[in-house]
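I opened this model to look up a few features and noted each one as I went. The structure comes first, then the entries.

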Amino acid sequence: MSEEVSKRAEEEADTPDLEGQSDDSSNEGDASGDTEMDFLRGLFSRTLGLSSGEKVLDELTLDGVARYILSGKCKNIICMVGAGISTSAGIPDFRSPGTGLYANLQKFNLPYPEAIFQIDYFKKHPEPFFALARELYPGQFKPTVCHYFMRMLKDKGLLTRCYSQNIDTLERVAGLEGEDLIEAHGTFHTSHCVSFLCRKEYSMDWMKNKIFSEDIPKCDSCGSLVKPDIVFFGENLPARFFTTMKMDFPRCDLLIIMGTSLQVQPFASLVNRVSNSCPRLLINMEKTGQWGLRRLYLFLLIVHRDVAHLSSCDDGCMALAELLGWKAELEEMVKREHALIDSKDAKKKDKEATPSSRSTGAEAGNSDKTE
């Protein structure tokens, strides 16, 4: 009996689900439910001879997570993030009813919303994707509080890696560099010819010029389409995603999941690659996963570790920063970095609007010769 239940529990754990999570804003009924679950967990552990594991968090709240980080025992934090961390920057997420990206694609006359990110459809009909790219192109938005909170984790030597589903490059703008970041669904940072016989690489500036001139990007060498290096449905994830996760997740001692519904595989399955005692913090507008009979088996494996803080990602990160004593530092970082971005944008616009002295001189010289 013990082996059968254990096996079924392990099989269920392969499905990404944070069903054992506790909402730190829960009411008395939820607290009663948690007490029941603790009792049942202990009962089944004793009856079936299963270890309940180490109790890492002293309580399943944001305060408990903050105390754990400040204890010095937490040294390898992994962040898993999705579109929800960028909505406050003005970039829509994918699935929110009415406001999500998929709910507002009617103007592109797609057979179904997801077609805009399917590789076979793109090769035949690239126009909708590039029209959407003009609206959402990186460089038009500023990183959010959440992005800078991850930058702060990096600066304090606590961030092992950020695994991102996003293609907006805002993690890079916030200061996460190549080694800090796994862009699981690719990036606009580079582009390649789609022909397997060519695969010529193009820069972000080259692609940007093509997109905003409303030209369909074609390869200079072979004439095939050129596509930003984002992962479409029907394409493989970057090889680095698979090699790095095998190294990172076994040693993770805090997993922070933000702004993702955990519906897209294989990214979603990463939540189960940490050890059974590793705390997992979800900061999201709603809980992920489905409540059901699996809970009976999952609570045997989900030890005292899962916390759900239901709020916007920015509010959740600011609340955690306050508990850590980092709030003023985070607010100052956001203010400073946004001002720097505004300054760079202003200088760029001035440069584009005003001819350089060198160009003016050259034009004057040409004018003299003509005369």
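**Conventions.** I worked on a predicted model, where local features need pLDDT of at least 70, side-chain atom pairs count only at pLDDT 80 or more, and totals for chains, interfaces and linings use all residues. Residues are numbered from 1 along each chain as its sequence is written, and side-chain values use heavy atoms, with hydrogens and water left out.

**Whole chain.** I found 13 helices and ten strands; helices (H or I, at least four residues) and strands (E, at least two) are DSSP runs, numbered from the N terminus. Of the 371 residues, 46% count as buried, where buried means under 20% relative accessible area, exposed over 50% and partly exposed in between (1.4 Å probe, protein chains only). I then looked at contacts (heavy atoms within 4.5 Å). Among those between residues at least 6 apart in sequence, 74% join residues at least 24 apart.

**Helices α5 and α6.** In α5 (residues 127-136), I listed Pro128, Phe129, Phe130, Ala131, Leu132 and Ala133 as buried. Their cover includes α4 (119-124), β5, α8 (204-212) and β7 (226-230). Helix α6 (residues 145-155) is largely enclosed by the rest of the structure, because nine of its eleven residues are buried. Among them are His147, Tyr148, Phe149 and Arg151. Just after α6, Gly157 has a positive phi of about 75°.

**Helices α3 and α11.** I checked how α3 (residues 62-70) packs on α11 (residues 313-324): the angle is about 50° and the axes are 9 Å apart. Axes are lines fitted to C-alpha atoms, for helices over the stretch in contact, and angles run from 0 to 180 degrees between N-to-C directions. That makes α3 oblique to α11; angles under 35 degrees count as roughly parallel, over 145 as roughly antiparallel, 65 to 115 as roughly perpendicular and the rest as oblique. On the α3 side, the contact includes Leu62, Val65 and Ile69, and on the α11 side it includes Gly316, Ala319 and Leu323.

The UniProt annotation "active site" (unreviewed entry) covers His185; positions are in the numbering used here, feature names are shortened, and annotations may be inferred rather than shown by experiment. I placed His185 in the loop between β4 (181-183) and β5 (186-193). Is His185 buried or exposed? His185 is buried, with a relative accessible area of 14%. Leaving aside neighbours within four places in sequence, its contacts include Ser164, Gln165, Ile230 and Phe267. The backbone oxygen of Gln165 lies 3.4 Å from a polar atom of the His185 side chain.

Notes: A polar contact is a pair of N or O atoms within 3.5 Å; within protein, one must be able to donate a hydrogen and the other to accept it, and residues adjacent in sequence count only if both atoms are side-chain atoms.
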